[in-house]
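Here's a quick walk through one model, from single residues up to its overall layout. Have the sequence and the structure open while you read.

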Amino acid sequence: MSVTPLVLNEPQALRFEINRAALVDQKIFDTEREKIFERCWLYVGHESEVREPGDFRTRTICGRPILFCRDTANALRVFLNTCRHRGTVVCREAAGNAERYTCFYHGWTYDRDGKLYAVPGQSAYPPSFDKTRLGLQPPPKVDNYRGFVFLNFDAGAPALKEYLGRATEYIDLVLDQSPSGRMEVIHGTQEYDIRANWKLLVENSFDDYHLITTHATWLDYLKSSGVEIKRPEKGHVLPSHGLGKDLGGGHGTTDNVNFRGRPVAAWIPIYGDAAKPELDRIRSEVTARLGAERAKRVCDTNRNLLIFPNLVLLDGSSVSVRSFQPTAPDRMRVRAWALGPVEETPLARQVRLDSFLTFYGPGGFATPDDIEALESVQTGLGTYKEVQWSPLSRGMAKEGDQLNTDEAHLRAFWVQWDKLMRS
Ligand code: FES
Ligand SMILES: [Fe+2]
């Protein structure tokens, strides 16, 4: 590789710097696909996005067309979406329900279980032609953690549960909002491109240092709506207490005391008086089910959780699932969904979706400003040959707890990224 090192990590000298080429260079981008995306567990979708036999969604993951669906027995299935004849993408719709999948080129047809069902003019093939060996092929590994479905292109990868490690503690905190532990993707997908390197969105998704400046308009809106925003204590950037945590394996999270309301029972004025009794009822249910201490943890804290490398659960004033695919060194495709408890009442669901759109929506307070910030970074990185390094050392000299506005959790991502890139 032309440029080394990519991450300068000198704990003794309290130096941690990122070589900006890591965010720009085409060769590094190609190596990432091979060393990171072809080895790590990658998010496919949520079980609730396909419900009935024959339901399907198509996705592009690590440059591969993917079919995510339910088979005849209603089991979740993931297939590589390529015809075994010449390679055509077999299912070309974004979503739907299919009895069978017919390739539009020569008409080979596959059933819901991926078996090759029919071949036009099959008799012209020699006797060695074996239909049973020509079904839709699954990726080497597919697994699911509590409804979140992942795939892995590396047949030798560790099990998903092992890979997720301590991140499962935080996934469980999200899912404990639901009385049955089951959440669903609420219909609709936010899908957009950002002209920036995908790792900038990793950082941005759990970097609380930028909140008070990039999202000043949103904080002003909260204040003007009657939400109490305290002045930050001395030495702090934000009005409320929060931590940044390295969860191992490149996963990391913020772990914050909530100040901005949560549909899981932390009411704020912008939700409207009508919602208060309903949110109080939800809080009582959570407390009765989990006990006061766990209920406090679930309801009164919020978290932005990164599952390495490219899945983010934003569990704040709503729950967003955000996954992004690098398409070029300076471009990514983002997909995001709102997630809610399956049992939620229409009123609580309305509060949730209002919160989701107000902050994360395409016209919300956060997303357009974040995209503007990231694209501006990428433009600035055009100078990477002259201005080579970005410091990422906030909090490095501190013993013990790291704040959400420090960068320990961002460093955790980069350390794992660097380790895999050099493997
Ligand atoms: S490529 Fe699919 S049938 Fe020929
Ligand atoms: Fe942001």
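Asn-74 is partly exposed, since 14 other C-beta atoms lie within 10 Å of its own. For the cut-offs: 20 or more such atoms make a residue buried, 12 or fewer make it exposed, and anything in between is partly exposed, with C-beta atoms placed from the backbone. You'll find Asn-74 in the loop between β5 (64-70) and β6 (76-80). Its phi is near 65°, which is positive although the residue is not a glycine.

A word on ground rules. This is a predicted model, so local features need pLDDT of at least 70 and side-chain atom pairs count only at pLDDT 80 or more, while totals for chains, interfaces and linings use all residues. Residues are numbered from 1 along each chain as its sequence is written, and chains are lettered from A and ligands numbered from 1 in the order in which they are written. Helices (H or I, at least four residues) and strands (E, at least two) are DSSP runs, numbered from the N terminus.

Leu-14 also has a positive phi, about 55°, without being a glycine. Leu-14 sits in the loop between β1 (7-10) and β2 (15-19). Asn-310, for its part, belongs to the loop between β16 (301-307) and β17 (311-315).

| Residue | Other C-beta atoms within 10 Å | State |
|---|---|---|
| Leu-14 | 9 | exposed |
| Asn-74 | 14 | partly exposed |
| Asn-310 | 25 | buried |

What does Asn-310 touch, not counting residues up to four places away in sequence? Its partners are Leu-42, Trp-198, Ser-323 and Phe-324; a contact here means C-beta atoms, placed from the backbone, within 7 Å.

Now for the core. Leu-42, Val-44, Phe-68, Phe-150, Leu-201, Leu-306 and Phe-413 have the most contacts inside the largest nonpolar core, which has 94 residues. Such a core is a set of buried Ala, Val, Leu, Ile, Met, Phe, Trp, Tyr and Cys residues joined through C-beta atoms within 7 Å. Helix α11 is its biggest contributor, giving six residues. Domain 1 (44-152) and domain 2 (164-421) both supply residues, so the core lies between them. Val-44 is in contact with Arg-59, Ile-61, Ile-66, Phe-68, Val-78, Val-149, Phe-150 and Leu-151, leaving aside neighbours within four places in sequence.

The domain bounds come from an automatic or database domain assignment. Taken over C-alpha atoms, the centres of domain 1 and domain 2 are 34 Å apart. Eight residues of domain 1 are in contact with ten residues of domain 2. On the domain 1 side, two of the touching residues are nonpolar, four polar and two charged. Ala, Val, Leu, Ile, Met, Phe, Trp, Tyr, Cys and Pro count as nonpolar, Asp, Glu, Lys and Arg as charged, and the others, Gly among them, as polar.

Back to α11 (residues 408-421): it packs against α1 (residues 26-37) at about 100°, with the axes 9 Å apart. The pair is therefore roughly perpendicular, a label for angles of 65 to 115 degrees. Axes are lines fitted to C-alpha atoms, for helices over the stretch in contact, and angles run from 0 to 180 degrees between N-to-C directions. Thr-31, Glu-32, Lys-35 and Ile-36 of α1 meet Trp-417, Leu-420 and Met-421 of α11.

How values were computed. Angles under 35 degrees count as roughly parallel, over 145 as roughly antiparallel, 65 to 115 as roughly perpendicular and the rest as oblique. Two residues are in contact if their C-beta atoms, placed from the backbone, lie within 7 Å.
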